[in-house]
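My notes follow in the order in which I made them.

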Amino acid sequence: MPEGPELHLASCYINTVCAGLIFSGKVEKSEVSKNPEVLFESDAYLISATSRGKEIKLTLMPLKEEKNTLPGRERGKEGQSQNGPQQPMDLVFRFGMSGSFKLTSGAELPKHAHLRFYTKESPRRALCFVDFRRFGRWEVHGTWQLDRGPCVMLEYEKFRENVLRNLSDKAFNKPICEALLNQKFFNGIGNYLRAEILYRLKIPPFEKARTVLEALQHRKQQSPDLTLSKKVKLKRENPDLLELCHAVPMEVIDMGGKGYGPEPSDDTAAFEEWLQCYCVPGMRSLRDGNGRTIWFQGQPGPMAPKGEKSRKRRSRVNADPEPSSPKVTKPVPKRSSKGSSSQEKVATQSGRKKGKELVPGAENAKGNKARKPNARSRRKASASQESPMSKTPAADRKRQASARRSTGTATVAPRSRRVKAE
């Protein structure tokens, strides 16, 4: 997301590429944009830009007075008097998540160019406001927003005074990481800047903002005997939080690029090398009360959101990646039907594993057909079929035995001997 340094670089880019260019005609807006129409038209005008925090102002300045309209005809367009020349117009832009400016060929406009200013030369060129996410906004005849504080980069002394004078404000009851995004006091600071500032000072992101900033009201005064060069050196070696809110964005500005350099392909690499904390591997991250991710190192602080688990940033590419071993997945047993318990399922499976004697049935039918009964089982089967005793009831057998004893008849041989004799 563009922050203070990006908007300042955009204003510098506009002033550089538009120097000496004369623009002409109407200002065109894309059909899909929901921003207001810019009703400005001039035969020749100049464009200049200034920035303040997270806002940028474009000034459209006509070069010469427009001819008055013919009698009986009136202009009802914004920026024009009814019978007068085109007046200068200010447009204030806020970039949202992806806004930027590009000077391109008029015949090859960028895909997401939502506002276009055409040059008078031939072939024409166009200064375009490009915003592929369409969160950016512009305001016709706009002014700096009143609820935004002084710019941390260009109005440092006013910025510092505004913060220290208003520490009783409820905004400083929140964690320092959330207070740094409040544009009423930190106009120009965004997500990556707050992470870098807090990391350099080793301040936990969820420390109370007032606790951190009240200490700056009572900082020690430097000795009057120190020379100016020594004072500057000490200030650079031991900066406080508000000084870094100015110094860190200025580092990004001095680095240049950010899409506005002569070689855009090198911008990303230089910026990523400059980052020490934001999205850097090994750093921790949490979501603050506004849902924004804050990157940090060490402990989060006493006001960290409860229940949130810190996540560590892992490196995207390993130097020596180990070959990944194939995962062996165990087959998942099918769920049993309703009414059957898990214990019955386990018992059935164990019964099948133990053998065919424990679970007789259709599963063992093929095995039983393949086997032939041995000699001993055949003899037992035939004996049981032919023996009259097997069919005689128990009461009849007792009577026959007692009758034989009384008549002196020999006792019947045991069943086992009888089977052998047969």
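Helices (H or I, at least four residues) and strands (E, at least two) are DSSP runs, numbered from the N terminus.

Before going on I noted what I was reading: this is a predicted model, in which local features need pLDDT of at least 70 and side-chain atom pairs count only at pLDDT 80 or more, while totals for chains, interfaces and linings use all residues. Residues are numbered from 1 along each chain as its sequence is written, and side-chain values use heavy atoms, with hydrogens and water left out.

**Sheets**

I then traced the sheet that holds β3 and β4, which is open, has 5 strands in the order β1-β3-β4-β5-β9, and is antiparallel in its pairing. Its edge strands, each pairing on one side only, are β1 (23-26) and β9 (137-140), and the twist averages 35° from one strand to the next.

I found another open sheet of 4 strands, ordered β2-β7-β8-β6 and again with antiparallel pairing.

**Helix α1 against the strands**

Which strands does α1 lie across, besides β6? I found β8 as well, with α1 running at about 25° to β6. The helix also lies across β3, β4 and β5 (89-94), at about 145° to β3. For these angles, axes are lines fitted to C-alpha atoms, for helices over the stretch in contact, and the values run from 0 to 180 degrees between N-to-C directions.

**Helix α7 and its partners**

I looked next at α1 (residues 4-17) with α7 (residues 241-255), which pack at an angle of about 40° with their axes 9 Å apart. The two are therefore oblique to each other, given that angles under 35 degrees count as roughly parallel, over 145 as roughly antiparallel, 65 to 115 as roughly perpendicular and the rest as oblique. In this contact (heavy atoms within 4.5 Å), Pro5, Glu6, His8 and Leu9 of α1 meet Pro249, Val252 and Ile253 of α7. By class I listed 5 nonpolar, 1 polar and 1 charged residues, with Ala, Val, Leu, Ile, Met, Phe, Trp, Tyr, Cys and Pro counted as nonpolar, Asp, Glu, Lys and Arg as charged, and the others, Gly among them, as polar.

How far apart are the axes of α4 (residues 191-201) and α7? I read 10 Å, at a packing angle of about 125°, which makes α4 oblique to α7. Among the α4 residues in this contact are Tyr192, Leu193 and Glu196, and among those of α7 are Leu241, Leu244 and Cys245. The contact has 11 nonpolar, no polar and 3 charged residues.

**Whole chain**

Last, I recorded 14 helices and 12 strands for the protein chain. Of its 422 residues, 36% count as buried, meaning under 20% relative accessible area with a 1.4 Å probe, protein chains only.

Conventions: Two strands pair if DSSP finds at least two bridges between them. Buried means under 20% relative accessible area, exposed over 50%, partly exposed in between (1.4 Å probe, protein chains only).
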